[in-house]
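I am opening a notebook on a structure that is new to me. My entries follow the order in which I looked things up.

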Amino acid sequence: MPARVGKHVATFLLVLGSLWALWEGYKWLWETTGWTWPFAVDDLTVPHLHSIVLQLGEPTSTGDDLWLYLLHAALFTAKSAAVGFAIGAVVGFVLGVVLAQFDVLRRGVMPYVVASQTIPILALAPILVRGLGSVSINGSPPADWVRVSVIAAYLTFFPVTVNTLRGLRSADPWARELMHSYAARSWTILWKLEVPSALPYIFTALKIAATASVVGAIIGEQTASISNGLGGAILNFNQYYVLEPTNLWATNMYAALLGISFFLLVLLAEKVVVHRAPEHLV
Amino acid sequence: MSSVASVVSIAGLSKVFGKGDVTALQGIDLQVGRGEFVSLIGPSGCGKSTLLRIVGDITEPTEGDVTVNGKSARRARLDRDYGIVFQAPVLYDWRTVAKNIALPLEMLGWDRAKRAERVKDMVELVELNGFEKHHPWQLSGGMQQRVSIARALSFSPALLLMDEPFGALDEMTRERLNLELLRIWAETGSTVIFVTHSISEAVFLSTRVVVMSPRPGRIAGVVSVDLPQPRTASTREEPRFFELVTQVRELLHATGADEVEEPLAAESEIV
């Protein structure tokens, strides 16, 4: 086990080092040769990686150092993304299960499910966020982060629905006949055969959804003009990019790390939940 | 044999697939008595698997009557009167060996303690002690099929339906599992209907061998196997065994089914 962990760490460091070398090598080569294709390279477009990292220690206009400011922003975004992911996963799964039971319903509803994903989220997010702002829960509109989480859920449910549908149908025909021989009810077949068969498919969808929920939350924040999260930070630092490009790069780094953390959490859950033969792991 | 003592009673059964295009079975009459071990043998296309599936109410007959334990096949299925073993083990790979064996018991609503107790007995019966916590993919093909047999027997059904259960295994494993199956059959006293395309396997295991002919599937003849019980590895070397094998083979050849067992020989060479 320690040998395996060591190997993983070594691989990780090797890839990280290579990416760093690629970035800095590109910057150095373009700067020394003066190449301008595809774009001119200088400290503004491609800052040094170490200056991005060093920027984290600099104070921001809020008084906090950048690393702390971004940490607060990332946690705010993480909250909406996580809640959105959870809502999207549950809605997506339930919708997939319901559509799988009734073929007529599936044919009727599926086009609208697909259509919901072809409308650009940028066009839909303001409507959703504003619309929810007028909804009243206990006399007051839902909190900002709740509205943002709806956007995240909207981006999350689709892959889960599609893969749940596909996964439920992946059960082995003989395994179905075995259930038939036990005179099993369809509810039992669903829980004891179809859902376990679908789990690898569902987890593939959840991995896609994990990162999509972070993107959804960031876009949701921006369209709703909510400034507490990473979305707000991106808009803010974007305006001052010419003065301090490293701020935006650092924010992007946080957003990426947030997405990776979500992905890894799903991966961990998959390891705990799914026990399938190697050939059945998608 | 009176129909009262019959576990399975089939009369005037036929099965047509599609819109009358393929007649899989025609005019089948068969009685299987309590405690019998009956093999169905015949070339591919003789409908032996279809016949087994009709007894299990997985496929419906076009004509004729099937009763299992004196009830309709459907009623018998709803009452969980039979256990079934397929060509493949059909284990749920997300379940451990123990949980696979317990699957039908969960359906029957047995409580946890009772299930655990029965699983323990079953694991002992098929000699898989120490593998309870393993997942199916960690076992060999022969062990997987033993789990499948344990699962089929776990709720003590009066009838065991087996559809070429050892067809995918190598010759050595198959012969060992044949012996094991006979021991289990003797211990449990269940009735077995066993589909195979191996003549020697059919003769070795059965009390009666039902020889079927193809297109349309009919019963070409029934051979009573009077080899003494319990049968052992040396049973296969007795002159009477060879006589019976020859008898079954001649019946099969009379049906024009020369391909029986030759494909198997080719298979075991590859293995």
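I began with burial in chain B, where 48% of the 271 residues count as buried (20 or more other C-beta atoms within 10 Å of the residue's own, with C-beta atoms placed from the backbone; 12 or fewer is exposed, and in between is partly exposed). I noted that this is a predicted model, in which local features need pLDDT of at least 70 and side-chain atom pairs count only at pLDDT 80 or more, while totals for chains, interfaces and linings use all residues. Residues are numbered from 1 along each chain as its sequence is written, and chains are lettered from A and ligands numbered from 1 in the order in which they are written.

Next I looked up the overall form of chain B. Its radius of gyration, taken over C-alpha atoms, is 18 Å, which agrees with the value near 18 Å for a compact globule of 271 residues (the rule being 2.2 Å times the number of residues to the power 0.38). The C-alpha trace of chain B spans about 50 × 40 × 35 Å along its principal axes.

I then listed the secondary structure of chain B, which comes to 9 helices and 10 strands (DSSP runs numbered from the N terminus, H or I of at least four residues for helices and E of at least two for strands).

Turning to where the chains meet, I found that the contact takes 16 residues from chain B and 17 residues from chain A (two residues are in contact if their C-beta atoms, placed from the backbone, lie within 7 Å). On the chain B side, helix 2 (73–78) and helix 3 (97–107) each supply at least two residues.
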